[in-house]
Amino acid sequence: MDNSFFVQAIIYLTAAVVCVPFAKKMGLSSILGYLFAGIIIGPFVLGLIGTKGEDIMHFAEFGVVMMLFLIGLELDPYKFWKMRKFILGMGSLQLIGSSLLLFLLCFIFMDWSWQTNLVICLALSLSSTAIVLQTLKEKGLSQTSMGRSSFAVLLFQDIAVIPILAIIPLLISGEITSENSEIHTSLISDFAGWLQTLIVVFAIAIIYFSGRFIIVPLLHVIAKTRLQELFTATALLLVVGVSYLMQLVGLSPALGAFMAGVVLANSEFRHELEGDIAPFKGLLLGLFFIGVGASINFQLIMENPIFIFVFGAVLTGIKFIVLFAIGKIYKKSNDQNFLFSFGLSQAGEFGFVILSFSTQLGILTSLLANQIMAIIALSMVSTPFLLLINEKWIDPYFGVKEKNEKEADFIDENNEVIIAGFGHFGSTIGRLLKANGVKATILDHDSDRVDLLRKMGFKVYYGDATRLELLKAAGAENAKIFIAAIDNPEVNLSVVELLRKHFPHLNILTRARNRVDAYELIDHGVDKIYRETLYTAVHLGVDALTQLGHRKYSATRQGQRFIKYDEAAIRKLASKRHDKMAYLATVKDEIEMQEELLKNDMHINFSSSDHAWDSEHLKKQINT
């Protein structure tokens, strides 16, 4: 088959374009889409790409380097220093615990030398930075307790790769044989140990001081040219240069890129660098996952399926147990702990590096190394499935059960207004009502937030507003207004359904994030719907018109009329949203009609003396 660059590029991109949207449509992670794409076009299915995907892995691994550079950009050095105990604690417990348990089991059941045993266990104890961080990003979990813990463990593992690679050559008994003489070494590998250490420290210092006193001034010069492509080239040069410097002194290129990102995290070019690097990172990571899928040697798996699948299951089970125990030590809730443990239970991309290096040194045979690499690849493929199983069948029982362990508070007041959900949205409403002498019964299902709000002086009751008995206890039978301000649209809708069924007399005012949420609420007969995106956007638009010279009064009036027309239109659209063609036609007609009505409103002759909205307009007229 033609192996030209264009043909190979077409194969990779076509596989990604076909498989990733299909995976997303099925509710799966995009990572699974990339992995399946690699399996399909790989040498063991269709055979459209090179042997075991090795022809792209070296190139695609640079996506991991770019990802760590972006992580460094997002991590303030001060916060990193504050996290040091957290990183060392959780990271060391995971690495040592997983390696030790694996070593003991392999020592008992496998006929391997202790050197082989140690290398394999260290390689398998490392998790996949690429898969875990991409999954956290897709699921919006980066800022959760689980996300922060995962990041701490992964960061420790990435740093630990350096001493692991340094220790492996010490395991060799005797001289390196001639067939292993092509081992890749760094420029300083032949120097004395103390001199190598000094050079490494010097290289790290170069990264730090270059970032502070060379790179930032250089970026200022590049920015003044106003050439976006030149800034992008400079960003790529920065990542490539730092990675190459680290490789020269025998360190991980990914770690060097991470350090460069941390150094530049507080610079004014942080967001510009993120924007320029992110597209390359995303594409190269996609290629990396395709390469992992293509590297799965199905022929090797079929020759010894029991060993590979049993070993893979044991690996996942051991890492899950170790991680779950660590989560318990750090007092994580069950739902967060299951996510944390399943998310990091796979082996990672650095395992390929360690095994390849060990094979070159003669510590592992090629057959055994390929078998362990197949186990690593399969464990990486299994991660999205494990997270899906946790999401569908484990978390609904353990997570919800834990949250419901605390009983709802006893409510000793009956007010005309009830507010369900007292986050940023609901608390704003509550403070406005309180400032105007209106008392409200406030309900919230987040126990941590309830405790915090009580310390701030709010009288908030803990409880689940989807439970009928709680609504009765809150006085829903005698109240006049119920404000549904819960963050989760599905929970908000469930509350509205319950209220419409059991308390039809209540005047319901409900929050909606967007049009889609509003359509569902309209179907349930709710009249007072307040879309977050609508009012904020209109308010911004009014300010923009004012900044452009329009009268404040006129701009505000136009904003209010826009809201009025849009709220009328959304009720027409709600009934037609299931018919795509009719929906699109109605949307087009409504937009044209709204624009025409707003233009006509501009010509209405309001009193010329009405300047209540904009005293600045009067001042300008007086001055002229």
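This is a predicted model: local features need pLDDT of at least 70, side-chain atom pairs count only at pLDDT 80 or more; totals for chains, interfaces and linings use all residues.

Residues are numbered from 1 along each chain as its sequence is written, and side-chain values use heavy atoms, leaving out hydrogens and water.

**Helices 23 and 25.** I looked up the axes of helix 23 (residues 515–523) and helix 25 (residues 552–574): they come within 10 Å and cross at roughly 70°. That makes helix 23 roughly perpendicular to helix 25. Helices here are DSSP runs of H or I, at least four residues, numbered from the N terminus. Axes are lines fitted to C-alpha atoms over the stretch in contact, with angles from 0 to 180 degrees between N-to-C directions; roughly perpendicular covers 65 to 115 degrees. On the helix 23 side I found Arg515, Ala518, Tyr519 and Ile522, meeting Asp566, Ile570, Arg571, Leu573 and Ala574 in helix 25 (contact is heavy atoms within 4.5 Å). By class I get six nonpolar, no polar and three charged residues. Nonpolar is Ala, Val, Leu, Ile, Met, Phe, Trp, Tyr, Cys and Pro; charged is Asp, Glu, Lys and Arg; the others, Gly among them, are polar.

**Helices 11 and 13.** Next I checked helix 11 (residues 228–248) against helix 13 (residues 270–294): they pack at about 75°, axes 9 Å apart, and are therefore roughly perpendicular to each other.

**Cores.** The largest nonpolar core I looked up has 128 residues, and Phe69, Leu124, Phe258 and Ile372 have the most contacts inside it. A core is a set of buried Ala, Val, Leu, Ile, Met, Phe, Trp, Tyr and Cys residues joined through side-chain atoms within 4.5 Å. Helix 18 (residues 366–403) gives the most to it, 13 residues. I also found a separate core of 32 residues, including Leu521 and Ile570.

**Two single residues.** Asn117 sits in helix 7 (residues 114–125) and is buried at 1% relative accessible area. His539, in helix 24 (residues 532–547), is exposed at 52%. My cut-offs were under 20% for buried and over 50% for exposed, with a 1.4 Å probe and protein chains only.

Terms used. Helices (H or I, at least four residues) and strands (E, at least two) are DSSP runs, numbered from the N terminus. Angles under 35 degrees count as roughly parallel, over 145 as roughly antiparallel, 65 to 115 as roughly perpendicular and the rest as oblique.
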